[in-house]
Amino acid sequence: MFLKVSLYISLIIFVLALIYKVSTWFRYKIGIGATEIPTAARFFSAIKGILSTIFSAKILTLLKVFVLDVLLQFRILREDFLRWLMHILIYGGFILLLLMHALDKYVTVAIWKNYYSTINPFMFLRDLFGALVIVGVIIAIYRRFILKVPRMFTNAMDIYAIIIVAIIMLSGIFLEASKMVAYSDYKRMVDEYSGLSDPQELKALEAHWVKEFGTVSPNLKGPFDEKTLAQGKDLHQSSCAECHARPQWAFAGYGTAKVISPIGLGIDQARLPSILWYIHILACFVGLAYLPFSKMFHIFTSALSLLANSVMEKGKSSPANIATRQALELDACTHCGTCSLRCSVIMAFEEITNMNIFPSEKIASIKALASGKELSAGQLKHIQEGVTLCTNCYRCTVVCPVGINLQDLWFNIRETLLQKGYPEFLVLSPLSFYRGLMKEETVQRDYEKPLIQAREAIAVQCDLMKKKDKVLPLTPTNRKLQSGLNLSAQAKTFSVCFGCQTCTTVCPVVGNYENPQEALGLLPHQIMHAAGLGLRDLAFGSNMLWDCLTCYQCQEQCPQGVHVTDVLYELKNLAVKRVREKTLQPTERK
Ligand code: SF4
Ligand code: SF4
Ligand code: SF4
Ligand code: SF4
């Protein structure tokens with residue numbers, strides 16, 4: 001009764017939560033066009049899109065992505081073997097346990113008519129799948145708290161996911177172990193099923209179970225004589241073997257039973273098997289009911305995100321479906337941090353300690369924004385700063401293991417905020433490559449406005465930037481400004497630059513202009529030179545610094561190993577720092 005009521009309550013909560021979460025995919029508004037599309041139109045457009053995809057050649061793409069990326073998770077494997085192993089163990093083990101153990105009445109029994117959870121191979125498989133999940137959880141804890149994978153942040157949801165899975169697994173193993181040692185469980189089975197009444201026979205069977213099954217008896221202790229054991233074995237074969245295989249096959253439970261057997265009688269008297277059963281069942285039901293709100297929801301959403309992104313194309317898919325996909329993507333993020341690890345603009349965090357600079361951390365803020373929740377001016381400013389610092393370089397999108405089109409997400413949020421006229425501060429890369437590609441769409445929305453604002457903010461502090469003539473002298477005529485650049489050890493590599501100009505040659509921004517020096521001022525190799533001379537303001541005054549896409553081409557190609565892009569970024573940070581110190585109130589600087 002308790003089991004049924006708890007199951008139904010958690011199922012009802014799960015279904016209601018699922019309906020609510022799915023409805024947000026059609027209600028949340030991200031992007032310029034999304035606000036104008038009604039929820040119903042998005043819903044029907046999604047149905048139409050799904051049907052037209054299923055009945056087209058795109059079904060092959062869906063199948064391929066389903067096998068390679070959803071089931072085998074190749075995208076994760078490409079990035080990090082340990083993470084892939086962790087994911088496969090937890091997800092594979094959990095799904096198999098769910099089907100074979102939790103849903104045994106519906107799935108396992110339908111396949112094997114003579115199924116008993118206490119015979120093989122089920123007993124062995126249950127422990128094997130449980131052990132897979134536990135090893136996966138151990139790897140997750142190791143990566144997060146011991147290995148401390150860079151830029152992988154831990155939030156309450158990450159902790160909850162680890163704890164709930166650990167409780168379900170450990171309570172399951174301890175439940176199995178405590179039932180093995182519990183004498184009352186053994187006694188109940190004998191009374192109900194054996195039909196034995198002869199004291200000698202009962203003693204022989206009990207001796208066999210104490211020796212072979214780990215039962216801790218208050219009446220008998222080994223060693224037992226051969227004759228009793230042989231009789232017990234025969235009785236076991238005739239009365240119990242049909243439903244009970246040797247417990248050693250349940251290696252995790254049996255190993256634990258051996259460890260706890262010295263306190264086996266106390267465990268039984270304290271009715272620990274019943275308590276553990278309640279803990280195990282309730283943890284499963286809590287996990288189920290809360291699943292749509294937890295990180296584990298990505299079991300569904302990340303698969304949907306991968307599938308949707310594999311068949312949707314910008315410019316071809318309907319804006320309604322793109323808006324829906326983007327809302328779904330907010331739920332698909334697993335908070336793995338891979339995107340933050342590869343993000344091109346993370347160096348900005350050294351000066352602007354705003355977590356929204358990290359793509360993995362931006363998702364939660366954007367979800368709040370998309371939900372229409374009232375956000376404070378400070379929160380909006382942080383989101384604005386995070387999405388505007390982003391250069392839309394595409395790196396995060398390429399590596400995201402659940403296929404979220406992050407670049408599109410950032411772009412849409414940035415343009416939405418610009419359109420709404422939310423406060424902007426120090427827009428460092430307004431002419432990112434991606435934004436350039438989108439110029440036709442954004443021209444009517446003041447394409448150059450953020451650029452002008454940012455430059456004006458800097459120009460107030462840097463006299464050289466005000467000069468009309470952008471071709472600045474390279475001779476150190478401004479020696480009074482030469483105060484050393486105080487860059488990090490990494491960025492200080494500019495000192496070994498020998499002026500080969502490779503960085504400038506490979507730079508896509510430089511290549512974009514017929515007369516790059518006129519448009520950009522100092523070119524990358526010249527900025528390295530200016531940095532070497534300590535001409536900070538000369539470097540700040542170069543448009544190149546602000547137009548850099550952080551594509552890292554220059555850095556990758558430099559024969560001297562100069563961290564060209566990092567130098568450019570640190571110079572930007574220095575300029576920003578100077579402006580922030582002079583223009584912001586102390587409380588606004590973080
Ligand atoms: S697109 Fe933006 S968030 Fe993504 S890696 Fe590039 S700079 Fe970072
Ligand atoms: S956006 Fe993708 S890469 Fe970034 S944390 Fe989320 S799932 Fe990981
Ligand atoms: S490629 Fe390297 S060595 Fe050559 S000019 Fe650029 S920074 Fe200097
Ligand atoms: S990172 Fe280097 S190559 Fe790329 S745009 Fe900036 S200066 Fe040019």
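The dialogue below goes through confidence, helix packing and ligand shells in a predicted model.

Q: Where in the protein chain is confidence lowest, and where is it highest?
A: A pLDDT value gives the predictor's confidence in each residue on a scale from 0 to 100. Here the protein chain has a mean pLDDT of 83, with 86% of its residues reaching 70 or more. Helix α3 (residues 58–71) has the highest confidence, at a mean of 94, whereas helix α24 (residues 449–459) has the lowest, at 62. Over residues 464–484 the pLDDT is below 50, although this stretch does have 38 contacts in the model beyond near neighbours in sequence.

Q: At what angle do the axes of helix α1 and helix α2 cross?
A: Angles of 65 to 115 degrees count as roughly perpendicular. In this model the axes of α1 (residues 2–27) and α2 (residues 39–54) cross at roughly 105 degrees and come within 8 Å, and the two helices are therefore roughly perpendicular to each other. On the side of α1 the contact is made by W25, F26 and R27, and on the side of α2 by T39, R42, F43 and A46. Sorted by class, the residues of this contact are 4 nonpolar, 1 polar and 2 charged.

Q: Which residues of α7 meet which residues of α8?
A: The axes of α7 (residues 122–146) and α8 (residues 156–181) come within 10 Å and cross at roughly 145 degrees, and the crossing is left-handed. From α7, the residues R126, D127, G130, V133, I134, V137, I141, R144 and F145 take part, and they meet D158, I159, I162, V165, M169, L170, I173 and E176 of α8. The contact of α7 with α8 divides into 11 nonpolar, 1 polar and 5 charged residues.

Q: How far apart are the axes of α9 and α10, and at what angle do these helices pack?
A: Helix α9 (residues 183–194) and helix α10 (residues 199–213) have their axes 12 Å apart and pack at an angle of about 135 degrees, which makes α9 oblique to α10. The crossing of α9 and α10 is right-handed. In the contact, Y183, Y186, M189 and V190 of α9 meet L202, L205, E206 and W209 of α10, and by class these residues are 7 nonpolar, no polar and 1 charged.

Q: How many residues surround ligand 2, and which are the closest?
A: For a shell, a residue counts when one of its heavy atoms lies within 4 Å of the ligand. Ligand 2 is surrounded by 13 residues, the closest being C333, C336, G337, C339 and C400. Its shell has 8 nonpolar, 5 polar and no charged residues.

Q: Which elements give two or more residues to the shell around ligand 3?
A: Around ligand 3 there are 14 residues, of which C497, C500, Q501, C503 and C558 are the closest. The elements that contribute two or more residues to this shell are α25 (502–506) and α28 (524–533). By class, the shell around ligand 3 divides into 9 nonpolar, 5 polar and no charged residues.

Q: Which residues are the closest to ligand 4?
A: C507, C548, L549, C551 and C554 are the closest of the 14 residues that surround ligand 4. At least two residues of the shell come from each of α26 (508–511), α31 (553–557) and α32 (564–583). The shell around ligand 4 is made up of 11 nonpolar, 3 polar and no charged residues.

Technical notes: Residues are numbered from 1 along each chain as its sequence is written. Chains are lettered from A and ligands numbered from 1 in the order in which they are written. This is a predicted model: local features need pLDDT of at least 70, side-chain atom pairs count only at pLDDT 80 or more; totals for chains, interfaces and linings use all residues. Side-chain values use heavy atoms; hydrogens and water are left out. Helices (H or I, at least four residues) and strands (E, at least two) are DSSP runs, numbered from the N terminus. Ala, Val, Leu, Ile, Met, Phe, Trp, Tyr, Cys and Pro count as nonpolar, Asp, Glu, Lys and Arg as charged, and the others, Gly among them, as polar. Axes are lines fitted to C-alpha atoms, for helices over the stretch in contact, and angles run from 0 to 180 degrees between N-to-C directions. Angles under 35 degrees count as roughly parallel, over 145 as roughly antiparallel, 65 to 115 as roughly perpendicular and the rest as oblique. A crossing is left-handed if the near helix is turned anticlockwise from the far one by less than a right angle, and right-handed if clockwise. Contact means heavy atoms within 4.5 Å.
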